[in-house]
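Hi everyone, thanks for coming. Please have a look at the model on the screen, and then I'll walk you through a few parts of it.

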Amino acid sequence: ATTDPFVVLPNSWLSGSSSWTPKAGNYAAVVYKSKIYPAILGDSGPESKVGEASLKIARTLNPEASGRVRAVSDVSVSYLVFPGTRAPAAEPDLVVWREEVLKLLGEIGGVSSEEIVHTW
């Protein structure tokens, strides 16, 4: 959780069988303030928790974040998950993740500048 940038969605969100159902390993983008953080959908969890992220993401958004301190306590963080995409099942290559997320963002309208996409 401190090494890889990933997000977690409720179990039921990943249980469908259609092509648009998110699956673990799909590329994702975390949007907060004026930055976009490349990530993957790393896991599913309880229905009561929407908005979980790895400590790597949480501490990037808020250095005080921990298992007891939320990175952000309001609805100012958004997740974009790209169903049908998949990070390679290998050691995470954060450079490749950034390139893939940039490409996927381009397919839905792009970004004003590549500089707003965080480099891990």
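So, how many aromatic pairs does the structure hold? The structure holds 1, where rings of Phe, Tyr and Trp (its six-membered ring) pair if their centres lie within 6.5 Å, and planes under 30 degrees apart count as stacked, over 60 as edge-to-face and the rest as tilted.

Before the details, some housekeeping. This is a predicted model, in which local features need pLDDT of at least 70, side-chain atom pairs count only at pLDDT 80 or more, and totals for chains, interfaces and linings use all residues. Residues are numbered from 1 along each chain as its sequence is written, and side-chain values use heavy atoms, with hydrogens and water left out.

Back to the pair. Tyr-37 and Trp-120 make a tilted one, with 6.1 Å centre to centre and 45° between the planes. These two come from distant parts of the chain, 83 residues apart: Tyr-37 is in strand β3 (residues 35-45), and Trp-120 is in the segment after α2 (94-107). When I say helix or strand, I mean DSSP runs numbered from the N terminus: H or I of at least four residues for helices, E of at least two for strands. Tyr-37 is buried, at 7% relative accessible area, while Trp-120 is partly exposed, at 24%. For those words, buried is under 20% relative accessible area, exposed is over 50%, and partly exposed is in between (1.4 Å probe, protein chains only).

Let's stop at β2 (residues 27-32). 5 of its 6 residues are buried, so this strand is largely enclosed by the rest of the structure. β2 runs antiparallel to β3, with 6 bridges joining them, and also antiparallel to β5, again with 6 bridges. Take Ala-29: its bridge partner in β3 is Pro-38, and in β5 Ala-29 stands opposite Leu-80. The hairpin of β2 and β3 has 2 residues between the strands, and there Lys-33 takes a positive phi near 55°.

On to β1 and β4. These run antiparallel and are joined by 2 bridges, and Val-7 has Ala-53 as its bridge partner in β4.

Ala-53 also takes us to the largest pocket, being among the residues closest to its centre, along with Gly-51, Glu-52, Arg-70 and Tyr-79. How much space lies in the largest pocket? About 790 Å³. Here a pocket is an open set of points on a 1 Å grid over the protein atoms alone, where a 1.4 Å probe fits, with protein on both sides within 12 Å along at least five of seven lines; lining residues have an atom within 4 Å of a point. β1 (6-10), β4 (52-53), α1 (55-61) and β5 (77-82) each give at least two residues to the lining.

Last stop: the 1 salt bridge found in the whole structure, meaning a side-chain nitrogen of Lys or Arg within 4 Å of a carboxyl oxygen of Asp or Glu. Glu-100 and Lys-103 form this salt bridge, at 3.3 Å, N to O. They are 3 residues apart in helix α2, so about one helical turn separates them. Glu-100 is partly exposed at 25%, and Lys-103 is partly exposed at 45%.

Key. Grid points are joined across faces, edges and corners, and a volume is the space filled by probe spheres set on the points. Two strands pair if DSSP finds at least two bridges between them.
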